[in-house]
Amino acid sequence: MKLQLNDIRNWLELSNQLMQENRSYLIELDQAIGDSDHGINMARGFQEVITKTQDQNYQSPSDLLKDVAMTLMSKVGGAAGPLYGTAFLKLSMAWKDKNEIQVNDIKEGLQAGLDGIKQRGKATTGEKTMIDVWDPVVQLFKDDENVAPSTIEETAKRAMNDTKELKATKGRASYFKEKSIGHIDPGSASSYYIFSALATSIKGA
Amino acid sequence: MKKIINNPNDVVSDMVSGMIQAFPEELEQIDGTMVIKRKELSSNKVGLVSGGGSGHEPAHAGYVGKGMLDAAVAGEVFTSPTPDQILEAIKAVDTGHGVLLIVKNYTGDVMNFDMASELAESEGIKVEQVIVNDDVAVEDSDFTTGRRGIAGTVFVHKIAGAMAETGATLNEVKEVAEKTINQVRSMGMALTPCTVPAAGKPSFQLEENEMEIGIGIHGEAGIERKPIASAEDIANELTQKVFDDLGLQSGDEVAVMINGLGATPEMELFILQKHVNHLLENKRLSVFRTYVGEFMTSLEMTGCSVTLLKLDDQLKSLLEAASEATAFRV
């Protein structure tokens, strides 16, 4: 398994598709425990990512991902903009000068992304945020070098569903305290789409 | 959804264009951004930048003007502006004396303003931030990290702006802004939700006979749902919480802000004001000045918030200093 520039493009396109298809669902999740803009922002941000990057000639995945990071930062807004922007920037840095992303690079890149999200959001595991999806996915790569794409997808999905029972202590949802229990965290859902798209592009690589 | 708009995606840029046209002498837009700045900057003073999601009009651009903010950054509806735009605002208003960012305590705002100040500092601009967290609805007073920033922010704009106009240093302006933040508290309620244009439907549902206590200014639901009560009861509930949290004593002097959330008639705001005033009189507080109107709205939400600012001589004189901001003329 190794990802090349085209596979990364495929990952971004699939992520964008999922954001567009699930725009209303993300809005609904955010209406329950937030301010309802997550679906709007993610759909706008990922559409911009595709618009910005599709006709550009990149030398490496790292170059492409740097542009992705800057676009997400400047087009998504809210908390998700800086968080995903930071994550993709860390990925870009971790994969600098690599034309073929090996499974070990994915592990290191996702770990760097997760660390970036934790630092930017001053948050940690178990607080009902996107971290609760990133953390188990990173762990999966640590535990098994030959992790199957379907396992990545399943793990991210289960982790997203598990946020339902958590009480939010970080992010907008934390204002709702106990009322946040029983709802899937919108950020964990958008992260699930990103990992689901990653799994599909790994499968096709 | 019934709204006077063209395309939900264009509401912010259309609004900014209109606003600039309405105040051609006072305001201008920085090209390629949603940053609105004073046309004529005062030289030799600390720059003041605020901003946040759109949908809170007249916040934030209405507070741009001599004596208040130098620039405001408009994000998408209820969404923080992005670091690149905030950076443009900082660069545009820095006269070499540094820039103070006035940020409301919402996760997205804090992160985006943080990143912008890191970027500005890497370009050699001195930047400081204050985080307004006046909303007593969401956390206990000793849990200040969790409270939201709402209408009390307008007092911070006013007082920091007046201080900056005196030629004070960045640290002095920051200090008075923080003093204001420590002494201001608010609480809000809603009768009906609002509809974000891009979402197309209301942000929460309320029955005809229900009200929502402790709402924020982003259309988010509040902390408690109750049967609708009289104006007197609503005024008492909101004011009492603010009063207690602020630890006010008989003899203290305050400024009062009765803020409409976008769709409440002034009639109702004045009715509320009457009861708030009555309650403050009973507690032997002296009301220095009362502001009634729309200062920090939540699109077309029906409802209100009550803000109290505990005053001292310094805050009183800064509150009374001249302001040419289009939505806050003194």
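This is a predicted model: local features need pLDDT of at least 70, side-chain atom pairs count only at pLDDT 80 or more; totals for chains, interfaces and linings use all residues.
**Chain A, residues 6–200**

Start by selecting residues 6–200 of chain A, which UniProt lists, in an unreviewed entry, as "domain: DhaL". The span is 69% helix and 1% strand, and its end C-alpha atoms lie 13 Å apart.

**Helix H3 of chain A**

Next select residues 38–53 of chain A, helix H3. Its 16 residues should span 22 Å at 1.5 Å a residue, and the end C-alpha atoms are 22 Å apart, which agrees. Buried residues in H3(A) include A:Ile40, A:Met42, A:Phe46, A:Val49 and A:Ile50.

**A:Asp97**

Move to A:Asp97, in the loop between helix H5 (80–94) and strand E2 (101–102) of chain A. A:Asp97 is not a glycine, yet its phi is positive, about 65 degrees. Is A:Asp97 buried or exposed? Its relative accessibility is 70%, so A:Asp97 counts as exposed.

**A:Lys170 and A:Glu127**

Select this pair together: a salt bridge joins A:Lys170 and A:Glu127, with the closest N and O atoms 3.6 Å apart. The two residues are 43 apart in the chain, A:Lys170 in the loop between helix H8 (149–162) and H9, A:Glu127 in the loop between H6 and helix H7 (131–143) of chain A. A:Lys170 is partly exposed at 29% relative accessible area, while A:Glu127, at 13%, counts as buried.

**The interface of chains A and B**

Now show both sides of the contact, 30 residues from chain A and 32 residues from chain B. About 2,400 Å² is buried between the chains, and carbon and sulfur atoms give 53% of that area. On the chain A side, pick A:Gln31, A:Arg120 and A:Tyr175; these lose the most area to chain B, together 27% of what that side buries.

How many salt bridges are there between chain A and chain B? The count is four. One to display is B:Glu118 with A:Arg120, at 3.5 Å from N to O. H2, H3, H4, H5 and helix H6 (103–121) of chain A each supply at least two residues of the side that touches chain B. The largest share of that side, four residues, comes from H2(A).

**Two cis peptide bonds in chain B**

Go to the loop between strand E3 (47–54) and strand E4 (71–77) of chain B, where B:Pro58 is placed. The peptide bond between B:Glu57 and B:Pro58 is cis, with omega about 15 degrees. B:His60 lies in the loop between E3 and E4 too, and a cis peptide bond joins B:Ala59 to B:His60, with omega about 5 degrees.

**B:Arg284**

Select B:Arg284, in the loop between helix H7 (266–282) and strand E11 (286–293) of chain B. Its phi is positive at about 60 degrees although B:Arg284 is not a glycine. With 61% relative accessibility, B:Arg284 counts as exposed.

**Salt bridges within chain B**

Finish with B:Lys316 and B:Glu253, whose side chains meet in a salt bridge at 2.8 Å, N to O. B:Lys316 is in helix H8 (residues 313–320) and B:Glu253 in strand E10 (residues 253–260) of chain B, 63 residues apart. B:Lys316 is buried at 19% relative accessible area; B:Glu253, at 24%, counts as partly exposed.

Methods. Residues are numbered from 1 along each chain as its sequence is written. Chains are lettered from A and ligands numbered from 1 in the order in which they are written. Side-chain values use heavy atoms; hydrogens and water are left out. UniProt positions are given in the numbering used here, feature names are shortened, and annotations may be inferred rather than shown by experiment. Buried means under 20% relative accessible area, exposed over 50%, partly exposed in between (1.4 Å probe, protein chains only). The expected span of a helix is 1.5 Å times one less than its number of residues. Contact means heavy atoms within 4.5 Å. Buried area is the accessible area (1.4 Å probe) that two parts lose on being put together, summed over both.
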